[in-house]
There are 2 protein chains.
Amino acid sequence: MNRDKHISSVFDRDLETIQAMVVKMGGMVEAAITDASTALDTRDQELADQVRRRDKAIDAMESQINEDAARLIALRAPTATDLRMVLAVMKISASLERVGDYAKNMAKRTEVLSQMPAIAGSGMALRRMSQAVNRMLQDALDSYIRRDADLAHDVRQRDLEVDQMYNALFREFLTHMMEDPRNITPCMHLHFIAKNVERMGDHATSIAEQVVYLVTGDLPDEARPKSSSVVAPAAEV
Amino acid sequence: MNRDKHISSVFDRDLETIQAMVVKMGGMVEAAITDASTALDTRDQELADQVRRRDKAIDAMESQINEDAARLIALRAPTATDLRMVLAVMKISASLERVGDYAKNMAKRTEVLSQMPAIAGSGMALRRMSQAVNRMLQDALDSYIRRDADLAHDVRQRDLEVDQMYNALFREFLTHMMEDPRNITPCMHLHFIAKNVERMGDHATSIAEQVVYLVTGDLPDEARPKSSSVVAPAAEV
């Protein structure tokens, strides 16, 4: 075994250890999304509190991944291609951490919303939207582990569906607010939750784009919907 | 000059080149915030369009900084301390890119809002809030260039004021919505803008935290307000 080969395999083993942490972190974030949206729909305060407490472990996981990745770069001085993988791991864990924050925020608003009139159908709609985002996130992480650019492209496409779900909810909340001023405050909170779920989808998309970058060497050049570009059109509201 | 010294000074020169790009990017983002909030307040569609177009240059700047930073790591295999600086540069440029996105989003909503009834005082209030955030951003970047942990701590403190401005606006918009249903749609958009300006403040804070980390080796452990933790309390609305 020549020296390069030896160095390369040590690098691979170290990177796999970090990737395993990312997969574990992904599982924690997916559980946070599922539990936060269930808690919101069923007004389960205890479950919402759990989600908020568990977010600390997700944040700690990101710090650990960043530290280990930095140590790997410093120790192994990876080549351009290997370096790109380590940088992707760091970007992916940053995205997961943000998604975890949004789930925590949903859990916080559950408490606020439990003191207000319920908006019919909103809990179920947000749960469906959260499930779609969760599947995107799972597939984005899967595409990363398998270096599967096709699956990553598929995730990017599905972000459009989530954006449509958001736009539909935006109009629905407006209708409720116009009908009865007592609905205004709960709808403001529900609207923020919907926007944050839509942003979770943007982060899943951004992970998928990292995978495309890893596999092909280029970020997708085709314009994709970003969180900032989703502005419900005035004509529709 | 010994070899280590030589390598170190080449590294320093390369890092300074990247830092100069970060400073330039910071200037572009600050201009985007100023122009977006001016355009919103004065309903200046032409200026809003400029902000939207200029965001591409900000995004390109982030990609360039990431590429150069990755090349620097690969070429120079920096020590732990130097590596930390390069990683901080990448995190700072990622924050700046997000702030640029929020400014672009504000510019987009300017067009939507121009077709709706004006909400008295809102443009000026959002402009004031944007100015406070811009000063935070300038000082955060300044603290980075001067490795000034005291200034960085000061930026973190000022994020609380921005959060208070946001909470005050949240209540104001609710009042307008309750008073007249025709205010609901514009207030929803204005509310999103306020929330996004509040998030810009979070990013300035996060840059300041990177500086504290660079100078002291630790991220501030004292809990700080994050975008996800700002939920207007139900009791107040």
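User: At what angle do the axes of helix 4 (residues 122-145) of chain B and helix 6 (residues 184-216) of chain B cross?

Analyst: This is a predicted model, where local features need pLDDT of at least 70, side-chain atom pairs count only at pLDDT 80 or more, and totals for chains, interfaces and linings use all residues. Residues are numbered from 1 along each chain as its sequence is written, chains are lettered from A and ligands numbered from 1 in the order written, and side-chain values use heavy atoms, without hydrogens or water. Helices (DSSP runs of H or I, at least four residues) and strands (E, at least two) are numbered from the N terminus, and axes are lines fitted to C-alpha atoms, for helices over the stretch in contact, with angles from 0 to 180 degrees between N-to-C directions. The two axes come within 9 Å and cross at roughly 15°.

User: Are helix 4 of chain B and helix 6 of chain B roughly parallel or roughly antiparallel?

Analyst: Under 35 degrees counts as roughly parallel, over 145 as roughly antiparallel, 65 to 115 as roughly perpendicular, and the rest as oblique. The crossing angle here is roughly 15°. The two helices are therefore roughly parallel.

User: Is the crossing of helix 4 of chain B and helix 6 of chain B left-handed or right-handed?

Analyst: Left-handed means the near helix is turned anticlockwise from the far one by less than a right angle; clockwise is right-handed. The crossing of helix 4 and helix 6 of chain B is left-handed.

User: How does helix 3 (residues 80-113) of chain A lie against helix 6 of chain A?

Analyst: The axes of these two helices are 10 Å apart, at an angle of about 170°. That makes helix 3 of chain A, relative to helix 6 of chain A, roughly antiparallel.

User: Why do the copies meet through the same surface?

Analyst: Compare the interface residues of the two chains. The copies meet through the same surface because the share of chain A interface residues that are also interface residues in chain B is 100%.

User: Which residues of chain A does the "domain: PhoU" annotation cover?

Analyst: UniProt positions follow the numbering used here, feature names are shortened, and annotations may be inferred rather than shown by experiment. The chain is 94% helix over residues 23-110 of chain A and 92% helix over residues 126-211 of chain A. The unreviewed UniProt entry places the annotation on residues 23-110 and 126-211.

Terms used. Contact means heavy atoms within 4.5 Å.
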